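The account starts with the terms it needs.

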Amino acid sequence: MLAAEALALAAALLLVADFRAHRQSELLGGVNIWGYRGPVVPQKGADEIRIAVQGGDLAFGWGVAASETLAPNLRMHAAVALDRSGRARHRVTAVNLGAMGLPPSGYAAHLERHRDLRPDVICVYADPARAGHGTSVLPRGDSAISAATGYVPMLPLVLVDKGRSMHSAAVERAGRLLESIDRSMYGLLFDRGHVRQDASYTDAIEAAVRAALGIASGVVVVAPPYSGTDEDAKSHSALVAMVGSTFHDDPRVRFVDLAAIPELTAGSIRLDGVNFSAGGHARVAQHVAPAVIDLVQARVQ
């Protein structure tokens, strides 16, 4: 009995610590308790139009606050457009479902996980083909806690980061131990091979668009700006061709090609050569917003 009470107390203390870790990180570089950036959105209202942005690094927006990423910028543009058109009675919200380090092969499954958010318009914002390759995914897709409850634990990552910043091997080891236990339990209980690592770039984006169409009434496919390498150029051409051949006659789908906009390759709007600054996300939103507004206005007619 005492052992069970001690275990329950330890679990409660870990949960309290994890809630604190979320509060400290979710508005800047982390995710909320349900695994997406920014504050938790309430249950969708009858007069609400919800926009979601799914993707990897570019959608997640490392290095800027959650409020400065693409999703909230699109919300602002759509809200202004509805107000001007006399449809201000519709409240516009947005959620950033981008996951740092998530490859395109994981977009579809990540969307399905957040189906209950009931977005009306989904932007599938693709990273360049090799972006995030080999980096850790945030939020992780191999968490037993998340698979069982939907709650995304943040304490292990915070302990690892604090251990590094404090040069404390003990704190870092504690974080890695918690993460290892969670991952091991996922492997035993939940691993269903949900991410096809062998999917081609275009196949993965197509799967994400089809998943989005199963959830929302409209989808905007956003092709990323790229560095101009041969590999990037081939992947971009294949993506454009796929969208054109597969979804060209689908009235629910719009396509925005950021690679055709030279200003988005400027180093002045990038933080590290890859991730956009707050101003960069605002620039991207200016080019994506017309397609989103078109679908939103069709939704409220």
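Axes here are lines fitted to C-alpha atoms, for helices over the stretch in contact, and angles run from 0 to 180 degrees between N-to-C directions. Contact means heavy atoms within 4.5 Å. Helices (H or I, at least four residues) and strands (E, at least two) are DSSP runs, numbered from the N terminus. The model is predicted: local features need pLDDT of at least 70 and side-chain atom pairs count only at pLDDT 80 or more, while totals for chains, interfaces and linings use all residues. Residues are numbered from 1 along each chain as its sequence is written, and side-chain values use heavy atoms, with hydrogens and water left out.

Five strands form an open sheet in the order 2-1-3-4-5, with parallel pairing; two strands pair if DSSP finds at least two bridges between them. Strand 2 (91–96) and strand 5 are at the edges with a single partner strand each, so one side of each has no neighbour in the sheet. From one strand to the next the twist averages 15°. Six bridges join strand 1 (residues 48–55) to strand 2 in the parallel sense, and Val53 stands opposite Asn96 in strand 2. Helix 3 (residues 70–84) packs on the sheet, where it touches strand 1, strand 2 and strand 3, and its direction makes about 165° with that of strand 2. Helix 9 lies across strand 4 and strand 5, at about 160° to strand 5.

Val53 and Asn96 are also among the residues touched by Ala59, when residues up to four places away in sequence are not counted; Gly98 and Tyr125 are others. Ala59 belongs to helix 2 (residues 57–60). Its relative accessibility is 1%, so Ala59 counts as buried (under 20% relative accessible area; exposed is over 50%, partly exposed in between; 1.4 Å probe, protein chains only).

Helix 8 (residues 201–213) is largely enclosed by the rest of the structure, because ten of its 13 residues are buried. Its cover includes helix 4 (107–113), strand 4 (218–223) and helix 9 (230–247).

A nonpolar core is a set of buried Ala, Val, Leu, Ile, Met, Phe, Trp, Tyr and Cys residues joined through side-chain atoms within 4.5 Å. The largest has 33 residues, and Leu74, Tyr125 and Val288 are among those with the most contacts inside it. Helix 10 (278–300) is one of the elements giving two or more residues to this core, and its ten residues are the largest share. Leaving aside neighbours within four places in sequence, Val288 contacts residues including Leu74, Val220 and Leu258. Apart from this core lies another, of 31 residues, among them Val41 and Met242.
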